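Let's take a look around this protein together.

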Amino acid sequence: MKEINEIQDEIIEEFEAFDDWLDRYQLIIDYANELKKNPMPEEEKIDRNKIDGCQSTVWFTCSFEDGKLWLKGDSDALLVKGIVALLLTVLSGHTPNEIVDADLYFIDRIGLREHLSPTRSNGVAAMLKQIKLYALAYKSK
């Protein structure tokens, strides 16, 4: 498994291939479409797994196997589903310590934060907070 920063650098490189933000949005949608290939089971899309603070409906679940967190997520909005997919790509399959200590610089470096509405930015922050909370919970086990 690649390190978190290595994955972030690959994503940054992928986004840097496009100057136009319409193309970058399309790339985010491509990530959303990849997520559809391994969908979150409908029975996991329940209130307990919902992320508060998101404009769209977003769900996350987490399992802990072999010392690593395995995240699943989904959203009812295509662009947000792509953002969920990006976060899963970077963080799923890593140890709680790696996730807690991660500096997620790719969000700013690809220009995502500046191209999201304030409510969407708050939603990304809420998603990251939930993932870090999962990591902290399993870190203590």
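The axes of H3 and H6 cross at roughly 35 degrees and come within 11 Å. That crossing of H3 and H6 is right-handed. In general, a pair of packed helices is described by just those two things, the angle between the axes and the distance between them.

So who touches whom? On the H3 side you'll find Leu 79, Val 80, Ile 83, Val 84, Leu 87 and Leu 91, and they meet Arg 120, Val 124, Met 127, Leu 128 and Ile 131 in H6. Sort the residues of this contact by type and you get 10 nonpolar, one charged and no polar.

## How confident is the model?

Keep in mind that this is a predicted model. The chain averages a pLDDT of 95, and 100% of the residues score at least 70. Helix H1, residues 4–16, has the highest mean among the elements, at 98. At the other end is H6, residues 118–139, with the lowest mean, 93.

Now for the gaps. Rolling a probe the size of a water molecule over the atoms shows where empty space is left. Here the structure holds one cavity of 30 Å³ or more, and the largest cavity has about 60 Å³ of space in it.

Which element gives the most to the lining of this cavity? It's H6, with five residues. By type, the cavity lining divides into four nonpolar, four polar and one charged.

## An open pocket

The largest pocket has a volume of about 400 Å³. It is lined by 14 residues, and those nearest its centre are Leu 35, Asn 38, Leu 71, Leu 88 and Thr 89.

Helix H2 (21–36), strand E2 (68–75) and helix H3 (78–91) each supply at least two residues of this pocket's lining. The largest share, four residues, comes from E2. As for type, the pocket lining has eight nonpolar, four polar and two charged residues.

Key. Residues are numbered from 1 along each chain as its sequence is written. This is a predicted model: local features need pLDDT of at least 70, side-chain atom pairs count only at pLDDT 80 or more; totals for chains, interfaces and linings use all residues. Side-chain values use heavy atoms; hydrogens and water are left out. On a 1 Å grid over the protein atoms alone, a cavity is a set of points where a 1.4 Å probe fits but cannot get out, and a pocket is an open set with protein on both sides within 12 Å along at least five of seven lines; lining residues have an atom within 4 Å of a point. Grid points are joined across faces, edges and corners, and a volume is the space filled by probe spheres set on the points. Ala, Val, Leu, Ile, Met, Phe, Trp, Tyr, Cys and Pro count as nonpolar, Asp, Glu, Lys and Arg as charged, and the others, Gly among them, as polar. pLDDT is the predictor's confidence in each residue, from 0 to 100. Axes are lines fitted to C-alpha atoms, for helices over the stretch in contact, and angles run from 0 to 180 degrees between N-to-C directions. A crossing is left-handed if the near helix is turned anticlockwise from the far one by less than a right angle, and right-handed if clockwise. Contact means heavy atoms within 4.5 Å.
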